[in-house]
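User: I want to learn how to read a model like this one. Please take me through it feature by feature.

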Amino acid sequence: MAAAQVVRSEWTKIRSVASTVWTLGLAVVVTIALGMLISALSKNEFSGLSERDQLSFDPTFVSFAGTSLGQLAMIVFGVLVVGNEYSSGMIRTSLAAVPRRGTFLAGKILVATVLALVVSMITSFAAFFLGQAMLGDLKASIGDPGVLRAVFGGGLYMTLIAMFSMGVAAMLRSPMLSLGILMPFFFLISNILGNVPATEKVGRFLPDQAGSRIMQVVTPLDDDVPYGPWGGLGIMVLWVIAALAGGYAVLKSRDA
Amino acid sequence: MIELEGLTKRYGEKVAVNNLSFTVRPGIITGFLGPNGAGKSTTMRMVLGLDRPTSGDVRIDGKHYDQLKDPLTYIGALLEAKAWHGGRSAYNHLLCLAQSNGIPASRVREVLDTVGLTAVARKKTKGFSLGMGQRLGIAGALLGDPRMLMFDEPVNGLDPEGIHWIRNLMKTLAAQGRTVFVSSHLMSEMALTADHLVVIGQGRLLADTSMADFIAENSRSYVRIRTPQREQLLDALHGAGIRVARPEAEVLEVDGDTSQTVGELAARHQIVLHELSPQRASLEEAFMQLTAESVEYHAHDGQPPGAVPGQQPPGRPPQQPWGSDWKRG
């Protein structure tokens with residue numbers, strides 16, 4: 001089976017480079033550690049919060065605070081998995097071995113996605129339980145309404161971020177260019193667009209703004225976001241599909 | 001067998017490969033010769049389906065490259081050096097290629113042994129020297145035990161020992177009945193290895209001939225003669241039954257190793273000679289002449305040489321360059 005061969009080959013590729021270990025390792029450590037830190041700080045600050053803020057306090061979401069930084073490592077993972085083929089010249093060797101470009105790209109993305117999903121799920125659950133441990137009395141339980149969905153969704157969110165990055169890297173065919181666009185976008189620009197009143201209504205449809213909704217359990221009081229947790233994740237999935245379709249179109253049409 | 005039919009590649013205005021048609025046959029080494037930038041690598045990338053031809057077609061055993069199931073078992077290629085991830089070990093690089101084509105892992109160890117990289121198989125390839133890199137590339141080409149092999153400038157930057165090794169390897173592969181297609185910009189290298197020669201310049205086919213024919217045509221020896229008494233000498237030569245290559249040219253050329261005969265003949269007829277020099281053409285010169293023509297043709301595009309009678313196009317030597325007629329001869 002040609003597809004099975006490509007999957008085996010891509011698995012060998014992904015497990016045999018150091019960048020896989022350090023990007024995913026960093027994503028795990030940063031997400032969990034920062035989540036624990038912010039959870040611990042929130043516990044100490046809670047009594048100082050206004051009543052309004054105390055009412056909308058979301059212990060589950062707080063334990064995912066590390067995602068904002070940890071997702072950057074996921075972006076690097078996604079970009080390097082695809083982009084390294086281009087920067088190293090490996091793409092020509094790879095396409096000579098697997099000339100059906102759709103099969104090649106699908107195999108690569110499948111393997112990287114499954115790996116990202118496993119790591120993201122472990123990270124998400126670990127970030128939740130360790131974060132709650134830091135929150136003391138304020139902690140949420142996994143059995144509370146919406147909490148399991150949020151924790152599960154946290155893993156999906158991280159995976160989708162990696163997939164989106166793979167699609168962008170396949171379109172731009174350069175890891176440096178892809179990182180140069182994605183890192184500032186997800187770290188700064190998206191946050192600014194999502195929080196400035198003038199652009200808020202557009203900004204909330206950006207992949208990370210929409211997707212991170214799934215990690216919220218308590219809805220903010222004056223919430224007027226027109227989608228729910230799964231709706232938001234759906235918007236993010238559409239972005240991912242668009243990025244991957246664009247990457248496929250570029251790979252299919254361009255000379256290697 | 002690799003068949004190219006009217007293969008053309010355009011990058012915007014620039015024509016990299018222009019209507020190339022030739023066949024690479026099994027059991028021999030076919031040299032693919034041309035100066036840098038002639039379109040050799042582009043042609044080879046089109047054979048592998050990496051670059052899409054603007055027009056024309058290239059087939060491997062009658063099929064397009066992407067129709068081949070497990071293509072590495074049909075045709076193995078060494079493209080430019082270091083087409084791999086430097087952070088991956090040599091073994092893992094070859095393993096991922098093998099797996100993608102259903103080749104057993106034991107074959108990876110075999111080819112590493114063949115190219116002499118077993119000792120460094122677990123080392124990251126970014127520390128490899130140029131020669132080790134070429135060996136790894138060749139290991140990748142041999143991986144699927146293919147009937148066809150294609151090497152792009154395999155001896156580039158190699159030390160004499162490495163060059164010797166690659167030459168012998170190609171000869172062994174051809175002797176096993178495989179198709180070996182190898183590019184180079186060095187005529188001297190081709191003269192030592194290739195049985196058949198395809199020469200391109202500016203993307204177009206300049207020659208498709210056996211190496212033996214090319215040598216016979218181009219390594220002729222002749223005698224250059226200049227004399228103020230042309231007519232008398234021509235008569236004398238004619239009388240002695242010696243043929244002059246181009247009697248109308250200012251400098252006369254007589255084929256063969258005949259300077260002694262011509263000199264004695266001239267003395268007997270009391271003809272003054274200004275020059276009587278034996279010449280031998282080298283293959284390198286023949287190749288440069290051949291490809292220089294193609295460059296020149298482009299430089300004077302739309303103004304064919306000789307269009308203005310009695311006036312030499314700029315940059316042309318005063319007489320017709322020797323060897324330019326070798327295809328006619």
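Analyst: Start with a definition. Loops are named by the elements on either side. B:Glu153, for example, is found in the loop between E6 and H5 of chain B. Keep in mind that this is a predicted model.

User: What is the phi of B:Glu153, and is the residue buried or exposed?

Analyst: First the general idea. Most residues other than glycine have a negative phi. Now the case. B:Glu153 has a positive phi of about 45° and is not a glycine. The burial cut-off is 20 or more other C-beta atoms within 10 Å. B:Glu153 has 23 C-beta neighbours inside 10 Å, so it counts as buried.

User: Where does B:Asp145 lie, and what is its phi?

Analyst: B:Asp145 lies in the loop between helix H4 (130-142) and E6 of chain B. Its phi is near 50°, again a positive value in a residue other than glycine. B:Asp145 counts as partly exposed because it has 13 C-beta neighbours inside 10 Å.

User: How should I read a strand such as E7 of chain B?

Analyst: Look at the faces first. In a regular strand the side chains alternate between the two faces of the sheet. In E7(B), B:Thr179, B:Phe181 and B:Ser183 point one way. B:Val180, B:Val182 and B:Ser184 point the other way, and all are buried. Six of the six residues of E7 (residues 179-184) are buried, so the strand is largely enclosed by the rest of the structure.

User: Which strands pair with E7(B)?

Analyst: Strand E3 (residues 29-33) of chain B is joined to E7(B) by five bridges, and the two run parallel. In that pairing, B:Gly31 has B:Val182 as its bridge partner. Strand E6 (residues 148-152) of chain B is also joined to E7(B) by five bridges, in parallel. There, B:Met148 stands opposite B:Thr179.

User: What do E6(B), helix H5 and E7(B) make together?

Analyst: They make a right-handed β-α-β unit, with helix H5 covering residues 160-175 of chain B.

User: How do the strands E10, E11 and E12 of chain B pair?

Analyst: In the antiparallel sense. E10 (residues 221-226) pairs with E12 (residues 275-280) over six bridges. E10(B) pairs with E11 (residues 252-255) over four bridges. B:Tyr222 stands opposite B:Gln279 in E12(B), and its bridge partner in E11(B) is B:Asp255.

User: What domains does chain B have, and how far apart are their centres?

Analyst: The domain assignment gives domain 1 (2-216) and domain 2 (221-280). Their C-alpha centres lie 47 Å apart.

User: What is the secondary structure of chain A?

Analyst: Chain A comes to twelve helices and zero strands. A compact globule of 256 residues would have a value near 18 Å; chain A has 19 Å, which agrees. Its C-alpha atoms fill a box of roughly 65 × 35 × 30 Å along the principal axes. Buried residues make up 48% of the chain. Of the contacts in chain A with a separation of 6 or more, 81% come from residues 24 or more positions apart.

User: Is A:Glu51 buried or exposed?

Analyst: A:Glu51 is exposed, with 6 other C-beta atoms within 10 Å. It lies in helix H3 (residues 51-55) of chain A.

User: Last, how many residues make the contact between the chains?

Analyst: The size of an interface is often given as the accessible area lost when the parts come together. Here we go by residues. Chain B gives 28 residues and chain A gives 24 residues. On the side of chain B that touches chain A, helix H2 (residues 90-100) of chain B gives the most, with six residues. By class, that side has twelve nonpolar, eleven polar and five charged residues.

Notes: Residues are numbered from 1 along each chain as its sequence is written. Chains are lettered from A and ligands numbered from 1 in the order in which they are written. This is a predicted model: local features need pLDDT of at least 70, side-chain atom pairs count only at pLDDT 80 or more; totals for chains, interfaces and linings use all residues. Two residues are in contact if their C-beta atoms, placed from the backbone, lie within 7 Å. Ala, Val, Leu, Ile, Met, Phe, Trp, Tyr, Cys and Pro count as nonpolar, Asp, Glu, Lys and Arg as charged, and the others, Gly among them, as polar. A residue is buried if 20 or more other C-beta atoms lie within 10 Å of its own, exposed if 12 or fewer, and partly exposed in between; C-beta atoms are placed from the backbone. Two strands pair if DSSP finds at least two bridges between them. A crossover is right-handed if, with the strands pointing away from the viewer, the path from the first strand over the helix to the second runs clockwise. Domain bounds come from an automatic or database domain assignment. The radius of gyration is taken over C-alpha atoms; the globule rule is 2.2 Å times the number of residues to the power 0.38.
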